[in-house]
Amino acid sequence: MEKAKVYFTKTLTPEAVIAMFEKLGVQLPGKVAVKVHSGEAGNQNYLRPEFLKPMVEHVGGVIVECNTAYDGERNETDRHLKLFADHGWSKHFEVDLLDAEGPDLSLPIPNGKVLKENLVGKNIVNYDSMLVLSHFKGHPMGGYGGALKQLSIGCASTAGKCLIHSGGKVTDQRTVWSNTAPQDTFCEAMAEAAQTVHERFAGKIAYVNIVCNLSVDCDCCAVAEDPCMADIGILSSADPVALDQACLDLIYQSDDPGKAHLIERIESRHGVHTIEAAGELGFGTRDYELINVEA
C-alpha cells in the first residue's frame with residue numbers, strides 16, 4: 001500500500017476546518033452524515049457546535065451520534081436529545097441519534113479475530129456519505145480518541161458498544177462492565193468495527209481531526225482533566241489509520257513538557273494497538289506523507 005496523504009495546519013479556526021477538508025478532494029454525495037461527539041454533561045473540553053457550524057453547513061450535513069453504554073446523560077435517547085439541545089447542537093443543526101429506535105443494523109465481520117458483527121444505529125442506512133469530525137485527545141479506556149474511535153465506538157449502538165468493550169461477549173449495558181475484554185482485545189475489536197463503517201462508505205467518507213484541548217480524558221467524561229499541553233492544529237486525510245498515526249506522532253514530537261502526561265495515558269492503555277490492528281486489517285496504512293498547509 002502506498003503512503004497515505006495527511007494534511008496538517010497549525011491554524012485552528014472554523015475556516016481552517018473547511019480548508020483541510022477541501023484539500024482531500026473527496027466528494028460527499030447525497031445525504032451526508034457528520035459524525036461528531038456531542039460532549040457529556042459537565043465536560044469542558046468538547047468541540048462546540050459553533051466551531052464546527054461552517055464545516056457542517058459546507059457539506060449540508062446532518063449531525064449523527066449514538067447512545068452510550070455507560071451511565072450519564074447520553075445513554076438514553078430522551079436525555080441525549082436534551083443534551084444536544086443544552087449544548088447547542090439542535091439550535092444549529094438537524095440531529096439524528098442513529099440508534100434512537102431499534103432494531104440495530106448488523107454489519108457482518110465474517111473473518112473477525114474478535115467480532116463477528118458490528119452493531120450500529122440503523123439510521124445509518126439513510127446516509128450516502130459521511131464526514132468524521134473528531135476531537136483528538138486522550139481517553140480513559142482507549143488511551144486516545146480520534147478517527148478510529150469515532151468510526152467504531154462512535155457509530156456503534158449501545159448494544160454495539162457493549163459488544164466492542166466485551167470483545168464480542170455481551171450486548172447488554174447491565175452486564176458489559178463485568179465482562180470487559182483484555183485491553184489489546186478491546187483495541188482489536190475497535191479496529192474491526194471501524195473497518196465496517198469505513199468500508200460501508202468507501203470512497204465517500206472523509207476525516208478531519210482537530211487536535212486541541214488536549215486532555216488525557218475524553219469528551220465522554222463529565223469530570224475531565226483540563227488540557228495538559230498546548231494545541232497542535234488540524235489534520236485531515238481520506239485514511240483514518242494514517243490520520244490517527246500522524247496525530248500521535250505530532251504529540252510525541254512536540255517539545256511541550258505537558259505531553260508526558262498524555263503519552264502516559266496513551267501508552268498505559270496500549271492506544272497505538274488500535275492503529276496497529278487497523279493497519280493489519282488493511283483498510284488504511286500507518287505510512288503517510290505529512291503535507292503542511294497554510295490555512
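**Entry 1: N213**

I began with N213, which is partly exposed, at a relative accessible area of 23%. My scale calls a residue buried under 20% relative accessible area, exposed over 50%, and partly exposed in between, using a 1.4 Å probe and protein chains only. N213 sits in the loop between β9 and β10. I took helices (H or I, at least four residues) and strands (E, at least two) as DSSP runs, numbered from the N terminus. I looked up the backbone of N213 too: phi is near 45°, a positive value in a residue other than glycine.

I noted what I was working with. This is a predicted model, in which local features need pLDDT of at least 70, side-chain atom pairs count only at pLDDT 80 or more, and totals for chains, interfaces and linings use all residues. Residues are numbered from 1 along each chain as its sequence is written, and side-chain values use heavy atoms, with hydrogens and water left out.

**Entry 2: P227**

I moved on to P227, in the loop between β9 (205–211) and β10 (233–237). Is P227 buried, partly exposed or exposed? I found a relative accessible area of 38%, so P227 is partly exposed. I then listed its contacts (heavy atoms within 4.5 Å). Not counting residues up to four places away in sequence, P227 touches N45, N213, L214 and S215. I also checked P227 against G258, 31 residues apart along the chain: their C-alpha atoms are separated by 8.8 Å.

I looked for a cis peptide bond and noted the one from G102 to P103, with omega near -5°. P103 lies in the loop between β4 (95–97) and β5 (105–108).

H270 has a positive phi, near 55°, in a residue other than glycine. I placed H270 in the loop between α9 (259–268) and α10. Its relative accessibility is 37%, so I wrote it down as partly exposed.

**Entry 3: helix α10**

Which residues of α10 (residues 272–281) are buried? I listed H273, T274, I275, A277 and A278. An α-helix has 3.6 residues a turn, so residues three or four places apart point the same way. I looked at what covers the buried residues of α10, and the cover includes β8 (143–145), α5 (147–151), α7 (183–200) and α8 (240–253). After α10 comes G282, with a positive phi near 90°.

**Entry 4: the cores**

I turned to nonpolar cores (sets of buried Ala, Val, Leu, Ile, Met, Phe, Trp, Tyr and Cys residues joined through side-chain atoms within 4.5 Å). The largest has 48 residues, and M130, L148, V197, I232, L235 and I251 touch the most other members. Which helix gives the most to this core? I found α8, with 8 residues.

Leaving aside neighbours within four places in sequence, I251 is in contact with F136, L214, M229, I232, K259, L262 and I263. I also found a second, separate core of 31 residues, with L28, V32, F93 and V208 among them.

**Entry 5: the whole protein**

I stepped back. The protein has 10 helices and 11 strands. Its radius of gyration is 17 Å, close to the 19 Å from the globule rule for 295 residues, so the protein is as compact as a globular protein of that length. The radius is taken over C-alpha atoms, and the rule is 2.2 Å times the number of residues to the power 0.38. The C-alpha trace spans about 45 × 40 × 40 Å along its principal axes. Buried residues make up 59% of the 295. Among contacts between residues at least 6 apart in sequence, I noted that 76% join residues at least 24 apart.
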